[in-house]
Amino acid sequence: MLTLGIESSCDETAAAVIADGTHVVSNVIHSQIDTHRRYGGVVPELASREHLEKIESVVATALQQANVTAFDLDGIAVTQGPGLVGSLLVGINFAKAMAFAARKPIVGVNHIEGHVYSVAFEFPAPEYPALALIVSGGHTNIFLIHEPERYELIGRTRDDAAGEAFDKVAKLIGLGYPGGPVIDRLAQRGNPRAIIFPLAEIKDPEHKLDFSFSGLKTAVLRYVRENAIEPVSDAVNQPEQILDLCASFQNAVVRALVRSLRKAAVERRPRTLILAGGVACNSELRAAVKALADELKIPAYIPSPIYTTDNAAMIAAAGYPKLLRGECADWTMSADVSLRLPNVNVVTPANKKKVRYRL
Ligand code: KG4
Ligand code: ZN
């Protein structure tokens, strides 16, 4: 069964063809980073315009590389939300037009669920329950996945997403956008113990797995001011002070993420650990999650970077079981910027009150 995936929720225009939910036949990604870099972040208006310019050629290339036409597909999966409304609409309307013309079923996919499915291509089907840490520029969530498509949100950020913290700190010290990859690179040459940034504690026992990164960002800002650290333009030849700052900041983010993941794992005894989303490219985080999985004696599913950052193969994989069941959205399907995953809200002794989270 051939599924076409289309992704345009933020600053990547992407299309992919996958076979039987697990085999990537083609995977095309047009990144808009060069457009947004000079503004230090994604400019929504420019993003939707560029999606509009690129969507047709990106989808055509994905079909060509797979050696198929729209008529050979069994269904189309498109990101419905969450994301930027103008950007989402470009992908959704293109997908709907294609589905209408080729008479194919179409399903809307939650972008976060897409990230969960980014493990579909390089690993066997996970054993459940699986514990997933999804960390990107817009989201930082821990899900306990009881079985396919049954998610219990057990931890989330209270303020900034982890990737957002990387991007803001990089901007602050003049390292450009996106911040994650450059901080990761520089951190490898710095001392992670040079500055001990305290981790935020969430006091509320019902939300003890939640994260907060805004205090860390402020602590970095204070450190930069107190030590009169000047932004530098050369991304390679950074002074030791910047290398140590990057290493210490990254180490604090990783410690915070892994601390909650460990608590969740000890309490909920998962059989698979999943790490996905753009921040899952981070070398220190990958190593820390792998080490945690080894300690728990369970497998760590950490996809290759091409599948952890935004792509359409993961959207196709998340849409596949829905298409297989015969689901099909109607023509009124539209963007939902704050689309949520249904939360199974399993009641445990530690979580008697049912809580509905906003993803
Ligand atoms: O999943 P993604 O491509 O887009 C969203 O859905 O947000 O994630 C992008 C985020 C950016 O904030 C970027 O700085 C971060 O992922 N990122 C990293 C690394 N590579 C990308 N963060 C830390 N270390 C990295 N190596
Ligand atoms: Zn994403």
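Okay, let's start with a definition: two rings of Phe, Tyr or Trp, taking the six-membered ring for Trp, count as a pair if their centres lie within 6.5 Å. By that rule, this structure has 7 aromatic pairs. And before I go on, please keep in mind that what you're looking at is a predicted model.

So how do we describe a ring pair? We use the distance of the centres and the angle of the planes. Take Phe 123 and Tyr 301. Their ring centres are 4.6 Å apart and the planes sit at 15°, so this pair is stacked; the cut-off for that word is under 30 degrees. Now find the two residues along the chain. Phe 123 is in the loop between helix H4 and strand E6, Tyr 301 is in strand E10, and 178 residues separate them, so to speak, in a pair that links distant parts of the chain. Are these two buried or exposed? Tyr 301 is buried, at 6% relative accessible area, while Phe 123 is partly exposed, at 22%.

Here's another pair to look at: Phe 143 and Tyr 151. The centres are 5.8 Å apart and the planes make an angle of 65°, so we call it edge-to-face; that takes an angle over 60. Phe 143 is buried, with 1% relative accessibility, and Tyr 151 is buried too, with 2%.

How many salt bridges does a search of the whole structure find? It finds 17. Let me walk you through a few.

One is between Lys 322 and Glu 149, where the closest N and O atoms are 3.0 Å apart. Again, distant parts of the chain are linked: Lys 322 is in helix H11, Glu 149 is in the loop between strands E7 and E8, and they are 173 residues apart. Lys 322 counts as buried, at 10% relative accessibility, and Glu 149 as partly exposed, at 21%. These two also belong to a network of salt bridges, together with Glu 113, Arg 325 and Glu 327.

Next, Arg 158 and Asp 210. Their closest N and O atoms are 2.7 Å apart. Arg 158 is in the loop between E8 and H5, and Asp 210 is in the loop between helices H6 and H7, 52 residues away. Arg 158 is partly exposed at 40%, but Asp 210 is buried at 3%.

Now have a look at Asp 160, in the loop between strand E8 and helix H5. Asp 160 is buried, with 7% relative accessibility. Which residue does its side chain meet in a salt bridge? That's Lys 168, at 3.2 Å from N to O, and Lys 168 itself is partly exposed, at 31%. Beyond its sequence neighbours within four places, Asp 160 is in contact with Lys 168, Phe 213, Ser 214 and Lys 217. Phe 213 is 53 residues from Asp 160 in sequence, yet the C-alpha atoms are 5.7 Å apart in space.

Last stop: His 115, in helix H4. His 115 is buried, and its relative accessible area is 0%. Its side chain makes a polar contact of 3.1 Å with the side chain of Asp 310. Setting aside neighbours within four places in sequence, the residues in contact with His 115 include Ile 134, Ser 136, Ala 276, Thr 308 and Met 314.

Conventions:
Residues are numbered from 1 along each chain as its sequence is written. Chains are lettered from A and ligands numbered from 1 in the order in which they are written. This is a predicted model: local features need pLDDT of at least 70, side-chain atom pairs count only at pLDDT 80 or more; totals for chains, interfaces and linings use all residues. Side-chain values use heavy atoms; hydrogens and water are left out. Helices (H or I, at least four residues) and strands (E, at least two) are DSSP runs, numbered from the N terminus. Buried means under 20% relative accessible area, exposed over 50%, partly exposed in between (1.4 Å probe, protein chains only). Contact means heavy atoms within 4.5 Å. A polar contact is a pair of N or O atoms within 3.5 Å; within protein, one must be able to donate a hydrogen and the other to accept it, and residues adjacent in sequence count only if both atoms are side-chain atoms. A salt bridge is a side-chain nitrogen of Lys or Arg within 4 Å of a carboxyl oxygen of Asp or Glu.
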